[in-house]
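Q: I'm new to this one and would like to learn how to read it. Could you walk me through it?

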Amino acid sequence: MEKSARPRTALNECVKVVVRCRPLSEREKNESYEEVVKVWPERGAVQVDNPKGQDKLFTYDAAYDCTSDTKTIYDEMVRPLVASVLDGFNGCVFAYGQTGTGKTHTMEGTGDDEGIIPRTFRHMWAHIENTASPDVTHLVSCSYIELYLEDVRDLLAKDCKKLTIRGQELNGFYIPEMTSIVCKSANEMVRLMRAGNKNRASGRTDMNEHSSRSHAVFLVTVETAHRSTDRIRVGKLNLVDLAGSERQRKTGASADRLREAARINQALSSLGNVISALAENSPHVPYRDSKLTRILQDSLGGNSKTIMIANIGPASYNYDETVTTLRYAHRAKAIKNKPVRNEDPKDAKLREYQAEIERLRSLIEQR
Ligand code: ADP
Ligand code: MG
C-alpha cells in the first residue's frame, strides 16, 4: 500500500459481484436431482426455488448460467480489471463458494476451458508485447502462497516454507520472505502456477480435501516504467481460490478434525465479518482476526478494484448452501473500495534495478 503516493481524492468504487452457476454433474443427473437455480444473465438475477416457502431472488453486477464459459466471464468482467492493473491500479479477483461448485474450474480452468488466472497472464503479455518500446519497460513478478489453518506457506519455495505477515493495520501488511519470481512470458507464469500447485499437492494423499480446506493466492506485480517521464506505475493483482464455504459437518468427526474445521471456518467467517463491517460502514473492520483478511485488506475496502465470483451448484440438495453463498455475495456488493493509481512507489523493483544498472555503469566507466 503506497500511502504517500495516494492522492486524497480517491473515488469510491464498489466491489463487483458475479455469480456463476455450474451445470448439473453426471452424478447429479444420474441421481435425477432437481435443478432449483434459475439465472437471468441479462438482468444479473439469480432465483432459487424454495420447496418449502417463498423463492429467493437476488441481483448482482452479473450472473452466468450453466451454459456460460470462462472466456465470456473474463472478457465481460475481468478484462477491464486487468487493464486497470496494467495501468497501475491494484486488483483482486476471488472465487467463493461451496466445494464442488467450480471455484478452481473458474480460476485455473479444467481441460480445454482455460481459467481466469492463465487468461490474465496471456492478456498481460499481449499488452506488454504491444506496448514495449525503447521508452516503456515492464517488470512482472509473481508469488504464490497458500493459507491453511492460519499458516501461510510459500508455494514457490522448495520446502514450501512458512511465512510471516508483517506490518501495521494502517500501513497495510506485507510478507517479507515471500518468494517473488520475475517472469518473461505468459507460459512461464502458467508453469509457476502449475509448479506451485504441485507443491501444494506433494505429500498429500487427500489433495481434494486439502484444496477444499485451504486458500490459494497467486500474486502478480506489474511495473511499467516510462523513460521519458521517469515515471513508474505499479499494479498488484491477487488471484484467489478460497477454501470451500460449506459448514463443516459435526457427525463422526474426531476432536482434532473439529478443531481443524473450526479454524478453517475462522478465516471464512472473519472474511464474512470484514464484509459485513464494510457493508454496514462500521468504524471498526476486523482485518486482524485472520491471516486471510490481513492479506486481503487492501482488496476489501482499500486501494483496489475487486471482483468477487460466487460459485453455486444448481441441485436441490445444495439449497441451503446456495442461499447462504448468494446472501454472502449480496452483502459484498455494498463494499466500497478507494482505488488509486500507484505512481512511483518506493518499493518499485524497476527503480532499484535502474539504480543498480547506473551504479555498474559508473563502475565500468571508472575503469
Ligand atoms: P471447487 O474448486 O469449487 O471445489 P471445482 O472447480 O473443482 O470446484 O469443480 C467441481 C467439478 O465440477 C469439476 O469436475 C469441474 O470440472 C466441474 N465444473 C465446475 N464448474 C463447471 C462449469 N461451469 N462447467 C462444467 N464443469 C464444471
Ligand atoms: Mg477447488
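Predicted model: local features only at pLDDT ≥ 70, side-chain atom pairs only at ≥ 80, totals over all residues.

Q: Where does Gln98 lie?
A: Gln98 sits in the loop that links β7 (91–97) to α3.

Q: Is Gln98 buried or exposed?
A: The idea is to count neighbours: a residue is buried if 20 or more other C-beta atoms lie within 10 Å of its own. Gln98 has 21 of them within 10 Å, so Gln98 is buried.

Q: Which residues does Gln98 touch, leaving out those up to four places away in sequence?
A: Its contacts are Gly244, Ser245, Glu246, Gly313, Asn318, Glu321 and Thr325.

Q: And what about Thr104, buried or exposed?
A: Thr104 belongs to helix α3. Inside 10 Å it has 20 C-beta neighbours, so Thr104 counts as buried.

Q: What does the record say about these residues?
A: The "binding site" annotation in UniProt, from an unreviewed entry, covers Gln98 and Thr104, along with others including Gly102 and Lys103.

Q: Which residues come nearest to ligand 1?
A: Of the 15 residues around ligand 1, the nearest are Arg22, Gly102, Lys103, Thr104 and His105. Helix α3 (residues 103–107) gives the largest share of that shell, three residues. Sorted by class, the shell has 12 polar, two charged and one nonpolar.

Methods:
Residues numbered from 1 in each chain as written. Chains lettered and ligands numbered in written order. Near = placed C-beta within 6 Å. Helix = DSSP H or I, 4+ residues; strand = E, 2+ residues; numbered from the N terminus. Nonpolar A, V, L, I, M, F, W, Y, C, P; charged D, E, K, R; others polar. UniProt positions renumbered as here; feature names shortened; annotations may be inferred. Buried ≥ 20, exposed ≤ 12 C-beta atoms within 10 Å, placed from the backbone. Contact = placed C-beta atoms within 7 Å.
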